Each structure stands twice: as structure tokens, then as C-alpha cells.
Amino acid sequence: MTAEPSRSAGRMRASDADREAVVEQLREAAADGRIDLDELGIRLEQALSAKTRGELVPLTDDLGPAVFDSGEPLTLQGGVHGAERTGVWKVPPLIRAIGGMGGVRLDFTRAECRLREIEVDVDAQMAGVRIVVPVGWKAETDGLDPAMGGFKDKTEGDRLPGTPVIRVTGTCGMGGVVIRNPNVRERRRQRKELGS
């Protein structure tokens with residue numbers, strides 16, 4: 001796997017997209033009168049020079065919903081029986097999915113996600129990793145080693161503005177990695193659960 005087990009999400013290196021998201025939130029706060037221009041200047045300077053996500057978090061903590069969460073990573077290990085994260089759940093910035101013999105299924109369709117970027121580090125092993133995302137979400141897989149199992153992106157349409165980027169890294173192992181939108185049965189079940 002590419003991620004160190006002890007790495008804290010708050011120490012993850014900040015990307016240009018992370019810094020831009022914080023800058024945008026700061027500018028909106030100044031336009032709304034929540035911070036003055038002097039404070040805006042100070043915070044913008046700190047945002048643009050931030051090296052880690054942990055340095056960015058305090059700059060917007062008092063301004064409303066977080067641009068991204070600095071919480072602990074989520075680790076799912078498929079083992080023999082498999083593991084899944086479905087339904088309503090809060091998405092952390094880093095997810096480790098280890099397929100094992102039972103596989104891992106990550107379903108983001110009803111997840112609570114305010115993040116601009118999610119890193120999913122996979123070690124698909126024997127049974128693989130399946131990722132289900134809402135229509136309009138996309139994954140970047142440049143850091144993913146296809147190995148023997150390979151990678152399939154079955155998502156439809158273009159990425160919608162404001163949706164997160166899922167950066168999938170690691171190895172597909174023998175089981176492979178698949179990312180797709182909800183199928184007809186899953187969409188029907190979700191509509192029923194929502195009462196529509």
C-alpha cells in the first residue's frame with residue numbers, strides 16, 4: 001500500500017485544490033462581512049503558504065462547514081467475509097480499502113461528504129474493491145497500479161461542479177477495482193427509502 005499506517009490526515013500534504021478551496025471560502029466570508037479585509041489578507045497569506053491540510057483547517061474553522069475534514073482515516077479490511085461502508089456515513093479525507101478474500105464495497109450514494117477531495121488507497125488483493133458513486137462524481141486513477149485484476153471505470157457523464165474528486169491509489173491486486181454509479185436496483189431501493 002502507498003500510505004503509511006500511522007499517517008494522520010491532518011499531516012497530509014495540501015494540494016493546490018485544497019488551498020484554492022480555502023481561499024474561496026475566505027473570500028466569501030469577507031464578502032458576507034464575517035471577516036474584515038485585514039483579517040482576510042492575513043488568512044489568505046497563510047492559506048497560500050500552507051504545506052499540510054492541518055495548517056488549512058484553522059483558517060476556516062469559525063466560518064461554517066469545513067472545506068475538508070482533518071479526521072482520522074477509515075480502514076476497511078475485507079478479510080474472509082468482506083467489508084462494506086454503505087447507507088448514511090461521514091466520509092473522511094482518507095480511506096484505506098484492503099480487499100482480502102471477501103472484498104470491500106464502498107458506497108458513497110448516501111454518504112455525507114463536504115470534502116473537495118477524497119483519497120482512497122486500495123490493496124485489492126484476491127476479492128477486489130468496488131466503489132459506488134453518485135452520478136456526476138469521478139475518480140482520478142493515475143496513482144493506481146492495475147496489477148493482474150485491472151481497473152474499470154463504469155461511471156457515466158461528466159463531473160458535476162461542486163462534487164468531490166476521488167483519488168484512487170494503490171494496487172488492483174488479483175481482484176481488481178471497479179468504480180460505478182448505482183445500478184437500477186440500487187436506485188429503486190434508494191427512492192423507496194426516501195419515500196419518493
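**Salt bridges and cores**

Guide: At 38% relative accessibility, Glu140 counts as partly exposed (between the limits for buried, under 20% relative accessible area, and exposed, over 50%, with a 1.4 Å probe and protein chains only). This is a predicted model, in which local features need pLDDT of at least 70, side-chain atom pairs count only at pLDDT 80 or more, and totals for chains, interfaces and linings use all residues. Residues are numbered from 1 along each chain as its sequence is written, and side-chain values use heavy atoms, with hydrogens and water left out.

Visitor: Which side chain meets Glu140 in a salt bridge?

Guide: That of Arg167, at 2.1 Å from N to O. A salt bridge here is a side-chain nitrogen of Lys or Arg within 4 Å of a carboxyl oxygen of Asp or Glu. Arg167 lies in strand β10 and Glu140 in strand β7 (residues 138–140), so the pair ties together parts 27 residues apart in sequence. Strands (E, at least two residues) and helices (H or I, at least four) are DSSP runs numbered from the N terminus. Arg167 is partly exposed, at 26% relative accessible area.

Visitor: Which residues are linked with Arg167 in a network of salt bridges?

Guide: Asp18, Arg53, Glu117 and Glu140 are linked with Arg167 in that network. Glu117 forms a salt bridge with Arg53, with the closest N and O atoms 3.4 Å apart. Because Glu117 lies in strand β5 and Arg53 in helix α3 (residues 53–60), this pair joins parts 64 residues apart in sequence.

Visitor: Are Glu117 and Arg53 buried or exposed?

Guide: Both Glu117 and Arg53 are buried.

Visitor: How many salt bridges does the structure hold?

Guide: The structure holds 14. One of them is between the side chains of Asp16 and Arg19, at 3.0 Å from N to O. These two residues are three apart in helix α1 (residues 16–31), so about one helical turn separates them. Asp16 is exposed at 53%, whereas Arg19 is buried at 16%.

Visitor: Turning to the core, which members of the largest one touch the most others?

Guide: Ile95, Phe108, Ile118, Ile131 and Ile166 do, out of 27 residues. A nonpolar core is a set of buried Ala, Val, Leu, Ile, Met, Phe, Trp, Tyr and Cys residues joined through side-chain atoms within 4.5 Å. The largest share of this core, three residues, comes from β5.

Visitor: What is Ile95 in contact with?

Guide: Beyond neighbours within four places in sequence, its contacts (heavy atoms within 4.5 Å) include Leu74, Trp89, Leu106, Phe108 and Ile118. A second, separate core of 14 residues includes Ala29, Ala30, Leu40 and Leu59.
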